[in-house]
Amino acid sequence: MSRVYHDGHRSLQERFDTTKLADRIEERLVRDVIDESDKSFIEKMSMFFLATSDEQGRPQCSYKGGAPGFVRVVDERTIAFPSYDGNGMYLSMGNVLHNPNVGLLFIDFEGQKRLRFNGVASIDDQDPLLSTYAEAQFVVRVRATEVFPNCPRYIHHMQFVERSRFVPERGCETPVPDWKRRAWARDVLASGDPARKAEPKD
């Protein structure tokens with residue numbers, strides 16, 4: 001009995017004669033622990049994609065970026081990352097409060113390698129790691145259910161050019177994004193938002 005595949009997966013595997021291959025991949029590559037190779041790969045990444053869904057199954061997919069090492073391997077089953085200021089919608093993190101099952105996709109576009117990390121997420125604004133992340137609102141931890149490499153052949157080879165200047169860094173003032181300085185947004189910003197003190201941009 002597979003712990004990865006459901007009837008929908010199986011119907012397509014049977015249609016295209018990949019059931020044996022899928023079973024072999026699950027047997028050899030899919031695990032619920034983070035090995036040293038995974039840890040090294042995850043902790044050098046400066047971005048990943050996060051998939052969530054609400055209690056009705058409605059999806060969200062978001063990009064999460066930071067300085068290399070912003071995703072940390074806490075132990076062989078758990079990773080942690082900060083949640084920074086965003087647009088205030090909390091689409092992904094709000095979903096986690098209703099449905100903690102998440103999927104993360106790490107992609108190295110230069111090395112053309114990727115890793116899937118599925119697990120159960122939790123949010124904590126009192127997490128012990130919070131103080132180690134500049135300007136983080138809370139910390140998200142994800143306990144692994146499936147960790148496995150993904151076929152890299154369709155990854156486009158792209159080169160890193162420049163890190164976002166908005167990534168929080170200790171000892172540096174994080175710039176205010178232009179959209180928060182515009183008239184349509186300024187009057188509804190959170191009371192503690194630094195953009196409230198910034199020069200308007202109209």
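In which helix is I25 found? I25 lies in helix α2, which covers residues 19-28; helices (H or I, at least four residues) and strands (E, at least two) are DSSP runs, numbered from the N terminus. Please keep in mind that this is a predicted model, where local features need pLDDT of at least 70 and side-chain atom pairs count only at pLDDT 80 or more, while totals for chains, interfaces and linings use all residues. Residues are numbered from 1 along each chain as its sequence is written, and side-chain values use heavy atoms, leaving out hydrogens and water.

**The whole chain**
- The chain has 5 helices and 7 strands, in the order α-α-α-β-β-β-β-α-β-β-β-α along the sequence.
- Its C-alpha atoms fill a box of roughly 60 × 35 × 35 Å along the principal axes.
- Of the 202 residues, 35% count as buried (under 20% relative accessible area; exposed is over 50%, partly exposed in between, with a 1.4 Å probe and protein chains only).

- I25 has a relative accessible area of 34%, so I25 is partly exposed.
- A22 is also found in helix α2, and A22 counts as buried because its relative accessibility is 9%.

**Around A22**
- Leaving aside residues up to four places away in sequence, A22 touches Y5 and Q13; contact means heavy atoms within 4.5 Å.
- A22 and S53 are 31 residues apart in sequence, and their C-alpha atoms are 25 Å apart in space.
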